[in-house]
Structures are given as C-alpha cells and as structure tokens.
Amino acid sequence: MLTLGIETSCDETGVALYDSGRGVVGDALHSQVDLHALYGGVVPELASRDHIRRVVPLVREALVQAGRTLDDIDLIAYTEGPGLAGALLVGASVAAGLGIALDRPVVGVHHLEGHLLSPLLADPRPAFPFVALLVSGGHTQLMAVEGVGRYALLGETVDDAAGEAFDKTASLLGLSYPGGPALAELAREGDARRFAFPRPMLAGEGLDFSFSGLKTSALHCIRKHAPDDRLRADVAASFQAAVIDVLAAKCLRALEATGMDRLVVAGGVGANVALRDRLVRETARTGATVYFPPARLCTDNGAMIAFAAALRHQEAPAGQESFTVRPRWDLSTLDAR
Ligand code: KG4
Ligand code: ZN
C-alpha cells in the first residue's frame, strides 16, 4: 500500500510517500526558516502562502523520487492538527482535492502522533509498549504508549515547550530563528558549569515540566555580565545542561513509574546531540534502551504523517473522506479509531 503524507502544520512543507512493504520511498521537504528568520518567529499568514506555493511541486518531487505516479497512491494523509489554522488548511485542501480526483480515502493525522510513531521508522525499531518523550517547539510531553492510538499522558510542560525555551534563549543570545540548533552549536564551546541555572520542577515526584523561568534566568545573566563571546557560549552551555538535566531525570522517572524499559524520543529537540548522548548513557545505566528517529525525521516532515496514517489504516481502514483541521487538539483525546 502506498500512502502519501502531507505536513503543513507550521513552517515546513513536507510531502512523503510510504510504501507499507518497502518503507519511505519518497521524501520531499521545504523549510520556511529563511522566510521567517527576518521576523524572529513564524508569521502565520506568510507560512500559509508559502505552503500553497510549495505543496504541489513537492508532491511531484516525492513521486519522482519514488518512481511512481499519482495513480499508484492508495491512501492520502494530511496533518489535521494541532498547528496554525491557515497552514493546516493548505494540506487539508490539497489532500481532499487529490482524494476526490483520484477517488482514494483521505485521513487526517494528529501531528504529535506522527512525531510519536516516527522512531518506528528507524532500525532498530522499538516494540510496544514504550515511554515517549515528545520535545518540539510547541510541546513537551511524556506519554505511555501501549500501541497505535493508545497513548496516556504522563506529564507535560506547564508553560513553555523545551524547543520554545531553546528558541527564546537563542534569541537573547543574538542567534537567529529557530535558535535551537544554533544554541546547541554554541554550547559546544561553552562551560556548562559556569552558571547554575535552575532545574525547574526537578524536586518532587511529578512528571510535569516548566521551562519559562530558565529563559528568564538566562536573561538576567546576560544583563548582569558583559555579553562577549565567552559569556554567550557559557550561557548557552549552562542553559542546555539545565534543560537536559530536567528532561533526562523525568524520562528515567517515567520509565520507573510505568515499569517500562524502552524510551522513545521524538520532536525537533530530539535532534539535540547532547540530549541524545545523555539519554543513551542514563538509560544504559538502568538497563533500559532509548530509540531515536533518524535526525531528518526529528523535525517536521511528511514521512511521519504518511507512516502514522498507514499504521492506522492497517488496523482500521479509512472509509470516508476527511476535511477538518483542528488547530488545538490534545493527543490524549485521540482514540484507537
Ligand atoms: O518538531 P519540530 O520540527 O516542530 C514543532 O512541531 O515544533 O521542532 C522544532 C523545534 C524548534 O524549537 C527548534 O529550535 C528545536 O526543535 N530544535 C532543537 C534542535 N534542533 C531543532 N533544539 C535543540 N537542539 C537541536 N539540535
Ligand atoms: Zn512538529
């Protein structure tokens, strides 16, 4: 079965083809980073307009990569939410149009479910059940995953997402949007022990997170000292160390609380090498195993949307056409359908 996946929830237009027998056979992506960098963040209207420009050429590109034609597509999937309403509508409209033209089923996919299941595209592939850490620009959640569609929320951020904290702190350091990868790069040259930034919500039993105070601490620190290159690198390293300490500790706590021994990391911040190294070390120490999607699939992409739809379709074939977007959509309200 060949599934077309279309992702347009935010600032990446991703289109991919997933073949249930062969895996991802086409994967085309356009990032709008340069478009939004000027404004220091995503401008929703510009995002929608750019998705409109990119999506059809990207469908063509994915088909060429796969050596297939539109007629070969069996199922069409798009990101239904959460995300920017106008941006989501672009993917939904193209999917619905193709569905009508080709007479194929169309399914809406939860963006976070796409992220959550994307580590299953990696080799080795984690078996269910597992604990998933979803760390993106918009979300920071720990979920207990029993199977496709069976997700229980264990904890989440009470304010900023981890990626958002990376981006905001990066902006304070004069790095351009989205600052996460640039901050991680700068942190490599810095001294992580120079500033003892808080480790929010680390004490106590809970699995929730809070990152907004950390950004404020970084701001005070930058204001207090002369912001030369040394200071910027040390702030970056100290900030990153604080985020990683909290994420790693809560992941271990979630594994312990659920009795599970597999941890899966997904979402853009999952591309962070220092976080990966730390989680590999910590899980090995406790006899657990951590799985990551390939770095390219950590950030938004069409492959994860095609893949999630194909897995769901396998369990419960999609019948009717779907044309809805849900800018706000809680993953734990998703059922096995
Ligand atoms: O999953 P994603 O592509 O989009 C959302 O759904 O939010 O995640 C993007 C987020 C951004 O905040 C970006 O700065 C962050 O992931 N990110 C990183 C790294 N690569 C991407 N944060 C820290 N270190 C990285 N290497
Ligand atoms: Zn995402």
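Modeller: A salt bridge is a side-chain nitrogen of Lys or Arg within 4 Å of a carboxyl oxygen of Asp or Glu. The model is predicted.

Colleague: How far apart are N and O where the side chains of Glu45 and Arg49 meet?

Modeller: Side chains of opposite charge can pair when their charged atoms come close. The cut-off is 4 Å. The side chains of Glu45 and Arg49 form a salt bridge, with N to O at 2.9 Å.

Colleague: Which helix holds Glu45 and Arg49?

Modeller: The two residues are 4 apart, so about one helical turn lies between Glu45 and Arg49. Residues 44–66 make up their helix, α2.

Colleague: How many salt bridges does a search of the whole structure find?

Modeller: Glu45 and Arg49 give a salt bridge. The search of the whole structure brings the number to 20.

Colleague: How many helices and strands does the protein have, and what is its radius of gyration?

Modeller: There are 10 helices and 10 strands. The globule rule gives 20 Å for 337 residues, and the protein comes close to that, so it is as compact as a globular protein of that length. Along the principal axes, its C-alpha atoms fill a box of roughly 60 × 45 × 30 Å. The radius of gyration is 20 Å.

Colleague: What distance separates the centres of domain 1 and domain 2?

Modeller: Domain 1 takes in 2–116 + 297–336, and domain 2 is 128–292. Over C-alpha atoms, their centres are separated by 27 Å.

Colleague: What area is buried between domain 1 and domain 2?

Modeller: The contact involves 22 residues of domain 1 and 20 residues of domain 2. Carbon and sulfur atoms give 71% of the buried area. The total is about 1700 Å².

Colleague: Which residues of domain 1 lose the most area to domain 2?

Modeller: Three residues stand out on this side. Together they account for 36% of what domain 1 buries. They are Leu112, Leu116 and Cys298.

Colleague: How many residue pairs are in polar contact across the interface of domain 1 and domain 2?

Modeller: Salt bridges across this interface number 0. Polar contact is another matter, and the rule finds residue pairs, both at pLDDT 80 or more. The count is 3.

Colleague: Which helix gives the most to the side of domain 1 that touches domain 2?

Modeller: α1 (33–37), α4 (111–117) and α10 (302–315) each supply at least two residues. By class, that side has 11 nonpolar, 6 polar and 5 charged residues. With 4 residues, the helix that gives the most is α4.

Colleague: What is the phi of Asp103?

Modeller: Asp103 sits in the loop between α3 (85–102) and β5 (106–110). Most residues other than glycine have a negative phi. Asp103 has a positive value, near 55°.

Terms used: Residues numbered from 1 in each chain as written. Chains lettered and ligands numbered in written order. Predicted model: local features only at pLDDT ≥ 70, side-chain atom pairs only at ≥ 80, totals over all residues. Heavy atoms only, no water. Domains from an automatic or database assignment. Contact = heavy atoms within 4.5 Å. Buried area = accessible area lost by both parts, 1.4 Å probe. Polar contact = N/O pair within 3.5 Å; in protein donor to acceptor, adjacent residues only side chain to side chain. Nonpolar A, V, L, I, M, F, W, Y, C, P; charged D, E, K, R; others polar. Rg over C-alpha atoms; globule rule 2.2 N^0.38 Å.
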